[in-house]
Amino acid sequence: MIAPASRHGAGHASCHHGEILQGVFLDAAGRRCAGLVTLPMTGPAGRAEFTRHPGTPPEQLTVLPGDRTKAARAAALAVEECAARRREPPCGGKLRIAGDIPVGLGMGSSTSDVIAAVRAVADSYGVRLAPGTVARLAVRAEQACDPLMLDARPVLFAQREGRVLEVLGPRLPPLVVVGCALGGGAPVDTLALPDPAYDEGDVRAFERLRTLLRRAVATGDAALLGQVATASARRGQQLLRHAEFDTVADIGRRLGALGVQIAHSGAVAGLLLDPAAPGLDRRIRGCVRALKGNGIAVTRVFPTFPPIPAFPTTKEFPSGPAHRRGHRPARPDTPRRPARLPAL
């Protein structure tokens, strides 16, 4: 008997630039749960290709590179899900992961790999998985995930449960972000960070920030969003303790930034600028010069809205790797990819 032909599928997933808000919030039932609002960014992405081999046992699933264990777990879960929908026995296959998202900076590199893998498997089966299903599989594969499987609307997302707590509105207020990498861009071991101990006062504070962010999105108030991001970033410093954070915040104040945001589980940070304010180009270049003058690597300058023709373009910055030779990877299953950080 001739074995059925293999089927090939491809998947893609974007990244983000850390968080605008992260903490602990109340869901609709009044139960506490961890949640976050990410800052979307286009450009770097994760990509996956999956070739399934019908008739082979499901444990015969290989992944390249071999250290992408989270993506491999996600692919196995997706095979189980998709095969059941097609009423077929699960099978093995070959997964190949590629992408250019820097690792360990808190830009969602592992979630991007996982989502791309799930989408590639689904594509190989001719199955379309809903975002909620992709989120459920992603959480099972890596314990927590970013909301990269959703559309561009700002949401408060329960990362450990893979569900949306609140859709905050249709879109964020327009911003221009001057991105940088703290700590020299060294990877951060997310799972090694201690779980913060939040009390009732913390919950009330995060709920106030949630209310303010909801208002900022509803009214298009970029300045209010900057205040929320800065307050959240300062709370995050109680755990991360980036030595350069106060310097970045001071540069923002001196040069008229609306605020500063960070990755609450990484090293990426950004100064938030109002694109409608006069002298935008001068402000951008002033922020870049000040950051570099303080030894802080500038990574990327980007808008959170479609760029207008007069907006400065971005280009690759070959002297700014996410991590250098000799740095330890974030974990044994952290992807090791030669990433370069784009800059203005």
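Buried means under 20% relative accessible area, exposed means over 50%, and partly exposed lies in between, with a 1.4 Å probe and protein chains only. This is a predicted model, in which local features need pLDDT of at least 70, side-chain atom pairs count only at pLDDT 80 or more, and totals for chains, interfaces and linings use all residues. Residues are numbered from 1 along each chain as its sequence is written, and side-chain values use heavy atoms, with hydrogens and water left out.

**Whole chain**

Start with the cartoon view. The chain has seven helices and twelve strands. Helices (H or I, at least four residues) and strands (E, at least two) are DSSP runs, numbered from the N terminus. Of the 344 residues, 52% are buried. Now think about contacts, meaning heavy atoms within 4.5 Å. Among contacts in the chain with a separation of 6 or more, 75% join residues 24 or more positions apart.

**Aromatic rings**

Select Phe25, Tyr198 and Phe206. These three form one aromatic cluster. Rings of Phe, Tyr and Trp (its six-membered ring) pair if their centres lie within 6.5 Å; planes under 30 degrees apart count as stacked, over 60 as edge-to-face and the rest as tilted. A search of the whole structure gives two aromatic pairs. One of them is Tyr198 with Phe206, an edge-to-face pair at 5.2 Å centre to centre and 80° between the planes.

Is Phe206 buried or exposed? Phe206 has a relative accessible area of 1%, so it counts as buried. Tyr198 is partly exposed, because its relative accessibility is 30%.

Arg235 lies over the face of Phe206, 5.0 Å from the ring centre. The test for a charge over a ring asks that NZ of Lys or CZ of Arg be within 6 Å of the ring centre and within 35 degrees of the ring normal. Then jump to Tyr125. Arg52 lies over the face of Tyr125, at 4.1 Å from the ring centre.

Which residues does Val121 touch? Leaving out residues up to four places away in sequence, Val121 touches Phe50, Ala75, Ala78, Val79 and Cys82.

**Helix α1**

Select residues 69-85. Helix α1 has 17 residues and reaches 25 Å from its first C-alpha to its last, close to the 24 Å expected at 1.5 Å a residue. The expected span is 1.5 Å times one less than the number of residues. Its buried residues include Ala75, Ala78, Val79 and Cys82. The buried residues of α1 pack against β2 (32-53), β3 (61-64), β4 (92-99), α2 (109-125) and α3 (131-142).

**Backbone stops**

Most residues other than glycine have a negative phi, and most peptide bonds are trans. Step back to the loop between β3 and α1, where Pro65 lies. The peptide bond from Leu64 to Pro65 is cis, with omega near -10°.

Next select Arg87, in the loop between α1 and β4. Arg87 is not a glycine, yet has a positive phi of about 55°. Arg87 counts as exposed because its relative accessibility is 81%.

Go on to Arg241, in the loop between α5 (222-240) and α6 (245-254). Phi of Arg241 is also positive, near 55°. At 65% relative accessibility, Arg241 counts as exposed.

**Helix α7**

Select residues 280-293. Helix α7 has 14 residues and spans 20 Å from first C-alpha to last, close to the 20 Å expected. Leu280, Ile284, Gly286, Cys287, Val288, Ala290 and Leu291 are its buried residues. Their cover includes β7 (176-181), α6, β9 (268-273) and β10 (297-303). Just after α7, Gly295 takes a positive phi of about 75°.

**Last stop: cysteines**

How many disulfides does the structure hold? The structure holds zero, a disulfide being a pair of cysteine sulfur atoms within 2.5 Å. Select Cys15 and Cys33 to finish. Cys15 is buried at 2% relative accessibility, and Cys33 is buried at 4%.
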